[in-house]
Amino acid sequence: MIVDPAVDLADVQGNILRGYKKRLVRHLVLKVNDAAAARRWLVEATSGDAALAPQVTTTANEEPPTCLNVGMTYAGLDALRVAPDQLATFPQEFIDGMAARAVKLGDTGPSDPCHWKPEWRDPEQVHLVVSIHADVRDRRDETADRVLGAGGSRAFVELARLDGERRSDGVVHFGYKDNIAQPHFDNIRNPTDRPDMQPLVEVGAVLLGYKTPVEDVRWEVPEPREDLGFNGSFGAFRVLEQQVDEFERFLSASADLMMNSPLAYQSLPPKAEDGWDPPLSRHEALRELVAAKILGRWRNGVPLVLSPTSPTPDPRVGTNDLNNFDFTTDPDGLSCPMGSHIRRCNPRSARIVQRNTNHSRRIVRRGMPYGPLYDPNHPDDGVERGLLGVFICASLVAQFESIQYDWMNLGLQDPRITGTNDPVVGNNDPKFSSFKMPAGSSSIELRGFPRFVHTKGGAYLFLPSIRALRYLGSIHH
Amino acid sequence: MGDERRGNDLSQQLYDALIADFPSHAPGTRPVHAVGIGAVGYFVPSDVARNFSFAEHFQGGRIDVTVRFSNSSGLPVEDDQAVDVRGMATKFQLKGDRTVDLIMNTLPVFFSRSPQDFLDIAAAGRPKPDKAETRWGRLMDKLQLREPRPAPNPLSPYSGTAGVVKYVDVHRFARPGVIAALGQVAPASYARATYHAIHTFKLTDTDGKVRYCRFAWEPVAGGRPEDRSDLPNDYLHIELKERLSRAPARFVLRMVLGCQGDALDDPTKLWDTTRMRVVMGEIVLTGLAGVEGAGAEPLSFNPARVVNGFECLNDLILAARRDAYEYSCLQRGGTGCPV
Amino acid sequence: MTQVVTTATSKVNQILEWFLIQFWKCRAPVTTPGSVWKTAPADNLQQCMNLVMPLSDKSGVGRAMAAKAVASNVDEIFTGLSNVGTVHFARFDLIGANLCMFSVYDGDFASYIRDFISVFGSVFDALMLLVEDPPQLPSELHPESFIEWIRMHDAFQIPGEVTLLFPEEPDIANLPRDVILLLEQNRNVQLGRYSAYPGLSAAQIRLATGVDW
């Protein structure tokens with residue numbers, strides 16, 4: 001492990017610089033009931049004494065069997081009685097909260113906060129999100145119970161518990177293998193990390209108080225700087241429901257369209273699907289092709305840039321090479337369309353309109369599926385399933401919101417997609433939605449698809465450093 | 001014959017409501033837009049029109065047109081100087097006796113979302129005696145920084161404005177439409193006003209791509225309000241006759257493309273000026289229709305008379321207009337009534 | 001004589017209007033609507049900024065210094081704006097004793113300002129030294145406050161439809177007064193805007209006209 005001594009990893013909460021490898025997560029959405037008891041719990045959870053309370057996991061530890069982390073909303077900091085003049089030093093988007101920024105994030109229509117789960121609808125009530133990662137259910141439950149029992153069960157009121165579970169093959173509900181690409185930090189990295197042809201990212205992309213990837217710009221650190229803001233981070237916690245039935249129907253309808261389209265042969269030559277492993281029918285192969293084109297990777301994780309016409313090329317793309325590509329070799333999107341999800345959210349070195357922002361908006365994505373696995377043989381089961389995601393960065397407005405607002409939706413980074421939204425997660429209205437797959441000298445346009453991901457809740461969280469947690473715990477009121 | 005003349009219940013209600021707003025309405029004329037003048041000419045689609053719609057009149061080549069300009073009042077007596085909405089109804093002559101109508105008027109936005117809304121506002125706007133504002137009233141307006149009430153119209157001492165204003169205090173969706181209607185000024189010429197089709201149309205191109213659009217006729221001579229007050233009551237007819245005898249009158253067909261979030265079936269919602277604009281063609285009016293422009297009077301123009309590639313949406317007002325216009329056409333013995 | 005009377009009457013009128021405005025400001029105050037985000041692509045493209053920054057030295061010397069500060073940094077300004085990529089037009093003007101920047105840009109306001117802090121923030125900092133009540137400098141270390149300061153000095157924009165300004169007004173006869181009070185609160189106002197090619201981003205226009213984006 002290469003570690004920059006300038007970053008005190010013992011002060012940084014876990015899951016920010018390095019992701020946990022756990023199978024299960026439980027997010028406890030909490031309201032502060034007794035501020036003094038809640039503060040005492042924060043002191044106990046950072047005391048080093050596991051008998052007092054389960055300890056907050058830092059980045060310095062070897063990943064313990066159960067990991068505990070804490071995030072607070074603005075309302076939560078207020079409930080813990082942080083002084084108003086200090087609260088005012090937090091960034092405006094964090095103060096507003098995610099629900100108030102809904103239109104900017106594209107959370108409209110079915111994703112509008114008025115349709116969110118009850119626990120999220122009143123942002124004043126959501127104070128903390130305590131995340132417990134574990135491999136063993138009992139350990140997860142026990143830790144959760146101990147947190148809820150803090151202060152004689154008086155510290156917090158549980159608004160909700162959100163459970164996620166990662167499958168062993170890493171597949172998420174739309175059938176894609178997730179979590180392949182994450183930023184590699186320039187001073188905290190593992191030499192066995194997959195090569196990704198991208199520059200190393202300054203740690204200031206996620207931690208407050210360091211050099212950022214944006215030239216000489218430094219994000220303002222909440223005050224008091226050393227005690228509260230430094231080494232902290234921000235996370236956009238989002239409950240994202242996935243409309244798998246509609247997604248699968250869209251793949252089928254698009255395949256129907258392309259069965260009869262001569263342009264489709266440019267994207268998938270005739271009989272190419274016979275060489276796949278396993279071979280598929282033309283229609284099934286076209287479905288997989290569409291799934292790949294809208295995301296940017298085949299459902300097995302192989303990037304389109306490395307293999308545009310087969311998920312199982314010969315020679316295979318090894319697990320270690322899944323990130324070893326860039327879009328500079330595909331300027332016209334013939335392999336990976338400019339409007340595809342991974343290309344929109346992280347353009348790598350592709351030519352984009354905002355020329356100096358290729359690498360300055362990178363964020364860390366942590367997430368786990370929730371809900372039972374989708375069975376294509378039993379569609380329309382009416383069961384809710386989706387992703388519990390946290391998008392971590394040092395400046396929500398400069399990174400997360402910017403990606404969401406003008407890359408994911410609107411498509412401002414490339415004039416060939418401007419005016420359209422991300423086909424997989426974007427704010428799509430069937431009357432206006434459009435996705436172009438460049439093919440030959442023309443393109444195939446897919447239209448009429450709805451929004452496949454509905455936001456069901458979420459909040460902007462401050463992820464304090466360990467020192468900050470102790471500081472919050474010792475506020476005198 | 002009797003069945004056709006009765007129409008369906010709603011169109012009869014609408015028709016009757018409009019007639020009630022104009023007690024001196026003359027039978028055999030339209031309930032509103034009673035007084036009009038027709039012109040003939042041709043429409044030339046632009047080079048890009050065919051990229052947006054496969055409808056016949058946008059593919060290229062001249063299309064003959066008949067246009068009827070009108071005042072929206074249902075009064076049989078013409079009063080061109082009144083504060084009134086002006087109409088421009090265009091009939092495109094397609095191959096083989098088929099026609100397409102495009103009806104527009106100088107209101108950029110309407111004040112009702114549904115036929116019931118329209119009946120409500122028509123009831124609220126039943127004319128009552130309109131007195132001039134007193135000096136005390138004018139003083140109170142000044143002290144409250146309000147605009148003074150406009151002077152009553154000498155030709156028609158009854159006005160429904162007070163009732164309508166009370167209606168929009170409560171029914172906020174109607175405000176933009178009513179404010180636009182109250183702010184209408186007499187144009188210097190029928191050929192110097194901008195006309196809008198308040199409904200949204202669905203255009204389909206040869207690739208099957210659908211776009212939602214609104215239309216307007218923009219006068220090439222530019223818009224111009226009439227500032228003189230001493231003109232004869234039919235000055236617009238006189239002016240048009242004189243204008244067309246000198247040179248044709250031209251309008252550009254401007255199309256605005258709707259975006260995600262825009263109201264597609266609600267004519268009370270304006271679309272922002274930021275919307276993409278396309279010039280779909282130009283209309284050239286070369287002369288009056290028939291004797292003294294009376295050639296358009298018997299014709300039926302219907303907002304729902306459209307064609308494949310250029311279609312209407314499920315706008316409640318449009319549906320009601322279709323039926324009401326048909327009913328009215330039958331009532332007055334017009335030509336070509338059914339859509 | 002009539003001229004004197006007319007001038008006197010109009011002066012009395014002005015004083016009366018001033019009193020009325022002060023009265024109604026307390027009696028029936030209006031709030032300036034905050035900026036709203038919109039989802040329609042056309043609403044997020046070709047947005048206007050009308051930045052009005054009063055100079056601290058309002059004399060000819062101060063104005064000349066402002067003019068010089070802009071002129072001597074023209075290269076950085078041009079390169080910077082070009083690299084931000086989303087700017088259609090930008091003009092620097094001296095209007096009275098105000099240094100103004102009028103521009104048309106695509107996308108989020110905060111991203112636009114943040115991008116230009118990172119590409120030519122130092123030039124802007126030099127201009128800020130000449131301005132009244134400048135923001136915390138250097139802008140690179142205080143990006144959020146800088147963006148907020150710019151927002152405060154951006155002229156208020158009147159939407160196309162006046163009823164959108166005061167949707168809660170119970171009596172439409174009061175709309176003219178509401179507008180008067182709104183204009184009292186906001187000295188600098190954009191009344192309207194026209195575009196020959198609305199709904200298109202700067203890059204789309206460059207692509208379509210073959211000058212590369």
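What share of the contacts in chain B with a separation of 6 or more comes from residues 24 or more positions apart? Hold that thought for a second, and keep in mind that what we're looking at is a predicted model.

Okay, the answer: it's 75%. So let's stay with chain B for a bit. Its secondary structure comes to eight helices and eleven strands. The radius of gyration is 20 Å, and the globule rule for 339 residues also gives 20 Å, so chain B is as compact as a globular protein of that length.

Let me zoom in on one piece of chain B. Find strand 3, residues 86–93. It runs antiparallel to strand 4 of chain B, and seven bridges join the two. Together strands 3 and 4 of chain B make a hairpin, with five residues between them. In that turn sits B:G96, which has a positive phi of about 65°. If you want a pair to look for across the strands, B:F92 in chain B stands opposite B:V100, which belongs to strand 4. Now, is strand 4 of chain B, residues 99–105, enclosed or open? Six of its seven residues are buried, so strand 4 of chain B is largely enclosed by the rest of the structure.

The C-alpha trace of chain A spans about 70 × 50 × 40 Å along its principal axes. Buried residues make up 54% of chain A. As for its contacts with a separation of 6 or more, 71% are between residues 24 or more positions apart.

Last stop: where chain A meets chain C. How many residues does each chain bring to that contact? It's 29 from chain C and 29 from chain A. On the chain C side, the elements giving two or more residues are helix 2 (41–44), helix 4 (74–84), helix 5 (109–128), helix 6 (143–152) and helix 8 (202–208). Helix 5 of chain C gives the most, with seven residues. And the makeup of that side of chain C, where it touches chain A? Eleven nonpolar residues, twelve polar and six charged.

That's my tour, thanks.

Notes
Residues numbered from 1 in each chain as written. Chains lettered and ligands numbered in written order. Predicted model: local features only at pLDDT ≥ 70, side-chain atom pairs only at ≥ 80, totals over all residues. Contact = placed C-beta atoms within 7 Å. Helix = DSSP H or I, 4+ residues; strand = E, 2+ residues; numbered from the N terminus. Nonpolar A, V, L, I, M, F, W, Y, C, P; charged D, E, K, R; others polar. Buried ≥ 20, exposed ≤ 12 C-beta atoms within 10 Å, placed from the backbone. Rg over C-alpha atoms; globule rule 2.2 N^0.38 Å. Pairing = 2+ DSSP bridges.
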